[in-house]
Amino acid sequence: MLAKLKEKINSINAVRNYRKIYPYVRPYWLRALLSVLITIPIGSMDAVIAWSLKPYMDVVMVEKSTSATSYIPILIIVFSCLQSLLNYAGTYLNTWVGRKIANDVKMDLFDRLMACDASFFDKTTSGQVLFGYNSDVDMACNGLLSNLKLFTTRVFSSVSLVAVLFYNSWQLALIAVVVLFGALYPLTTVRRRIKSVMDKTIFSGSAVMSHYNETYNGNRIIASYNLYDYQRKRFRDTLTQVFKLGIKMIQRTGMMSPLMHFIVSLGIAAVIWTGSYLIVHHQISAGNFVSFITALIMLYNPIKSIGNNYNNVQMAFMAMERVFSKLEKLPAIRNRQNAKELKGIAKGIEYRDVCFEYNKGHPVLKHINLKIDIGQTIAFVGNSGGGKTTLVNLLPRFYEVNSGAVLIDDVDIRNYTLNSLRDNIAIVFQDNFLFAGTIRENILLGKENATEDELKRAVKDACLEEFVGSLDKGLDTEIGERGVLLSGGQKQRIAIARAFLKNAPIVILDEATSALDNKSEAVVQQAIDNLMKDRTVFIIAHRLSTVRNADRIVVVNYGEIVESGTHDELLAKENGVYASLYKSQLR
Ligand SMILES: Nc1ncnc2c1ncn2[C@@H]1O[C@H](COP(=O)(O)OP(=O)(O)OP(=O)(O)O)[C@@H](O)[C@H]1O
Ligand SMILES: [Mg+2]
């Protein structure tokens, strides 16, 4: 009873899923429909072959006449050829539609992925992303469509073969159909059996991908710390886990095939037993019987493999559910209704009683109150892990405050659209991500349609001129994936040039000059000073020489503002945190 109810819910699920996938099928509906319709003749032709055996047996074997049946062998050849040609067309259409749909779904998922919150990327491994946003789509689309084709072919083949059964003998046909349903029964439990194993398989499968990614990105660390054995052990553990899960899956589903075989053999035995009785009592002809048995075997054979087919369908369904849950999930940080465009700032920025924690119960920022007037430069210093980066990350809404608010021109930043908010902020991180491509392409990310003059200026302002000039290909030099072909300081200057080009009213520099030597820092400092003119700037630096000219210096220790003032004011404080910090650095 319970199982039945569950099955019902599942079937409704399936309907709901198909309804969700419909928008993706619609652009290709004609081909999709054709690929299903084509399975009707493919499936039905099985029956023609079985059916033709009756006249063959009765006329040739029993009446010993060949005149009326000479067409049968030719018919069989023609039909078989036609069937396989149609099969080819069906597979072609199916693959075509399947790939198209998979691409469309992947595009939409990709958009969703890009819109995910920073916290999503904190918590999700690269393997999980690859698996969930790529492999799952393939599993869902290709699996579903090829299995749908197989399934509809089987349905039409079964219906027509059952018709042949009834044509030959209704008594035998009844037995066969009852057994058929009996054989299909174990399938109703598949989903429940494989669900939990499937979930774990995904987890481990993504762990495998993460291992590759880690080995790729961390190859220097692995080499320098000689972590080969360590990595190998972790990798082997994961592979073993995947192996165990694979075996478990087979255990859960594998028993179904023998069970179905057994039920089918019962059916065949019952039919032969009853059939012999019917022949002896002249209720059916020998031709009937042979045709019947052929149809029966043709009907039962795919049923034995349908177990596997059905597993795949269920896995495809589960993958589809995961894909749709991702498509439906909205990022927590998104535009509010009626969000306004932020068009530059007029007054300033305010942190009003801001509290923030990444993980519940571990406050990182505690009641931060801060006002920055437009055009001011504000510097953050303080202990490592104190919350400086976190503080500036709240401004572009990489994370959302837990309580309090960040305001621009007295309006909560949550009331601005995300895009317009972020358009107004240029950020240079400590560890800047560069894309594979040329230096020019990477700088132009700041402003796609910048003129050559603007670009040149940004290069000059970021003190990149000398370096670029020394390159054979200049700005068109390829920098390798993640900019691996550049030094740390060169990468930072490219990032600074990118920020220059963006020309945003708010600038955030998070340890932006930490990878520069003293000489370049002095030069870049000049450039940054230029950049800061007429802009509101947040600057984080451990080297206090970088921040001494700021309008205000704020010391953030352990999530709290402990001091704030100009360089001179803070130095004048006896036993001040900043003063002692400064003195220790001077030494
Ligand atoms: N994505 C994150 N998820 C969870 N905790 C985080 C995350 N980023 C930072 N933290 C934690 O929040 C605290 C503040 O980190 P934050 O990066 O803001 O410090 P910081 O002042 O910039 O330090 P540093 O000077 O070393 O750059 C740290 O304890 C850190 O462990
Ligand atoms: Mg930091």
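**Note on the predicted model**

1. Strand E9 (residues 552-557) and strand E10 (residues 560-565) pair in the antiparallel sense, with five bridges between them. Strands here are DSSP runs of at least two residues and helices are H or I runs of at least four, numbered from the N terminus; two strands count as paired if DSSP finds at least two bridges between them. Val 555 sits opposite Glu 563 in E10. The hairpin of E9 and E10 has two residues between the strands, and Tyr 558 there takes a positive phi near 50°.

2. Some bookkeeping. This is a predicted model, where local features need pLDDT of at least 70 and side-chain atom pairs count only at pLDDT 80 or more, while totals for chains, interfaces and linings use all residues. Residues are numbered from 1 along each chain as its sequence is written, with chains lettered from A and ligands numbered from 1 in the order in which they are written.

3. Back to E9: five of its six residues are buried, meaning that 20 or more other C-beta atoms, placed from the backbone, lie within 10 Å of a residue's own. E9 also pairs with strand E3 (residues 377-381), this time in the parallel sense over four bridges. Ile 553 of E9 is the bridge partner of Ala 379.

4. There's also an open, antiparallel sheet of four strands in the order E2-E1-E4-E5. Strands E2 (363-373) and E5 (411-412) are at the edges with a single partner strand each, so one side of each has no neighbour in the sheet. Strand E1 (residues 348-357) and E2 share seven bridges, and Ile 349 has Ile 372 in E2 as its bridge partner.

5. Now ligand 1. The residues around ligand 1 include Asp 122, Tyr 358, Asn 359, Lys 388 and Thr 389; "around" means a C-beta atom, placed from the backbone, within 6 Å. Helix H13 (residues 388-393) gives the most to this shell, with three residues. By class, the shell has two nonpolar, seven polar and two charged residues (Ala, Val, Leu, Ile, Met, Phe, Trp, Tyr, Cys and Pro are nonpolar; Asp, Glu, Lys and Arg charged; the others, Gly among them, polar).

6. Have a look at helix H3. With 24 residues (39-62) at 1.5 Å a residue, H3 should span 34 Å, which agrees with the 35 Å between its end C-alpha atoms; the expected span is 1.5 Å times one less than the number of residues. H3 has a kink of about 30° centred on Tyr 56, the bend being the angle between axes fitted to the seven residues ending there and the seven starting there.

How values were computed:
A residue is buried if 20 or more other C-beta atoms lie within 10 Å of its own, exposed if 12 or fewer, and partly exposed in between; C-beta atoms are placed from the backbone.
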